[in-house]
Amino acid sequence: MEENIKVLALDFGASSGRAIVGSFDGEKITLQEIHRFANEPVNLLGTMYWDVLRLFHDIKTGLIKSKQIGGIKSIGIDTWGVDFGLLDKDGKLLDNPVHYRDGRTEGMLAEAFTKMDKNEFYKITGNQFMEINTAFQLLALKKQRPELLNRAETMLLMPDLFNYFLSGKKATEYTIASTTQLMDAENKIWSSEIIENLELPKEIFTPIVQPGTKIGTLARDICDELGVDKMDIIAVAGHDTQSAMVAVPTQEDDFIFLSCGTWSLLGTERNSPVINEKSQQLNITNEGGAGNKTSFLKNIIGLWLIQESRRQWIREGKEYGFGELEQMARAVGDIDAFIDTDDSQFVPEGNMPQRIKDYCKRTGQYVPQTEAEIVRVIDQSLAMKYRFALEEIEQCTGKKYAAINMIGGGIQSSLLCQLTADICGRKVVAGPVEATVMGNIALQLISLGAIEDIKQARRIIANSENVTVYKPRDCARWDEIYKKVKENILC
């Protein structure tokens, strides 16, 4: 094995993207961020789009900057699930991809259930029903812009679309495919039954490949344009949550993870999907994972609530940093008010602080007055929602988990980590922050033969990153508060 192998990870988050070089010396992975850029949707004539051409320009910028380091062996791309682009018969992009927060899918769940039985739908996919899912985006497109769908020859989910731009090769990676509500969870193939029932064109779906598959090499015209050497294009776990899962620094087979970012995803890793009456009733999702695993998890609106609140305060001329907001929230102490973070009113963009105040007023609770109190209410409410989801996961698996492995950007809030430990009554093991990038890089290194498997990757990541342990406190008091919140808010 080479003394130091370098790969390039491109991670597209909810508000920014990063190009990060990972270097592996045989024992540890070190990260070097070489390019950071905005990744914000663009509203145009009533539709919210991905700024896809600008983002591809930033991918190229990352490649140019990687030349200063040299010796890059491969590229891997990850982002959130469900969104896609359509290509015509000549392989040209038909339209800018639409962002999942666009309103076009409103009412599409009900529309889908007129075409296919809800129970059968879940039995095949094992997916949590959310109107943002690809199935319902495509159904909206068929209803609202049928001419566009009729011209499409290929649908590629966003990581696969960027891979295609880089390599010219069309393929759909398994973990990102599993977010669509169009994949047969047991057989790991597109569900012809769902596609036919929704009357979608089956020819637009490309073969599904496993994470770690080399799908091609960097196209010659891009190499010539940028003056870079050829490198492998590897389909890592394109769904960022599943790349992050690879980086959970544990050697246990049964564990709870909490990937904490714009969305929070809490669940466990399984050898096969959990699809039964109870999991359907609780609307828990099964998503494909690396290493032929399945993530059994609950999607929870996460730090979006703080991110969108901060945007509103910036519009009002208050330039708070996230760290400053955490300090303010810590100083005010516990607030006797909670929200259901997954309430539909918290999904759209806009004045989040006012919506939180309105929710508390409507539910007869104390109405938070200051920025600090609003952030405290969000953090407390997220921790309550985590406990609620944890109990649902344990009901379905029949297991009790002693610790929560918390990963992602949210762990930079020690307040949220400690509240999660206190309210859930479990030890929280927090780290790494850059879990998604670490997992992306690890899967590239596995594909290149530098790391044997995911178990070894997790051991190496644990050796590469520091973790912080938060022990639960004041559990009896929080148990009493949780009972009331569960009965009145989360019911």
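Mentor: Contact here means heavy atoms within 4.5 Å. This is a predicted model, in which local features need pLDDT of at least 70 and side-chain atom pairs count only at pLDDT 80 or more, while totals for chains, interfaces and linings use all residues. Residues are numbered from 1 along each chain as its sequence is written, and side-chain values use heavy atoms, with hydrogens and water left out.

Start with Met 384. Leaving aside neighbours within four places in sequence, Met 384 is in contact with Phe 338, Ile 423, Trp 478, Ile 481, Tyr 482, Val 485 and Leu 490. Met 384 also belongs to the largest nonpolar core, a set of 59 residues. Such a core consists of buried Ala, Val, Leu, Ile, Met, Phe, Trp, Tyr and Cys residues joined through side-chain atoms within 4.5 Å. Buried means under 20% relative accessible area, exposed means over 50%, and partly exposed lies in between, with a 1.4 Å probe and protein chains only. The members touching the most others are Leu 266, Leu 305, Ile 339, Ile 356, Met 384, Tyr 386 and Met 406. Helix α15, residues 371–397, gives the most to this core, with 13 residues. Helices (H or I, at least four residues) and strands (E, at least two) are DSSP runs numbered from the N terminus. In soluble globular proteins, nonpolar side chains tend to be buried together.

Now the charged pairs. A salt bridge is a side-chain nitrogen of Lys or Arg within 4 Å of a carboxyl oxygen of Asp or Glu, and the whole structure has 30 of them. One joins Glu 269 to Arg 458, at 3.0 Å from N to O. Glu 269 sits in strand β16 (residues 263–270) and Arg 458 in helix α18, so this pair links parts of the chain 189 residues apart. Glu 269 counts as buried because its relative accessibility is 12%, and Arg 458 is likewise buried, at 6%.

Another bridge joins Asp 253 and Lys 455, whose closest N and O atoms are 3.9 Å apart. Asp 253 lies in the loop between α10 (240–246) and β15 (256–260), and Lys 455 in helix α18 (residues 454–464), so the pair ties together parts 202 residues apart in sequence. Asp 253 is exposed at 62%, while Lys 455 is partly exposed at 40%. Lastly, Asp 334, Arg 376, Asp 474 and Arg 477 are linked in a network of salt bridges.
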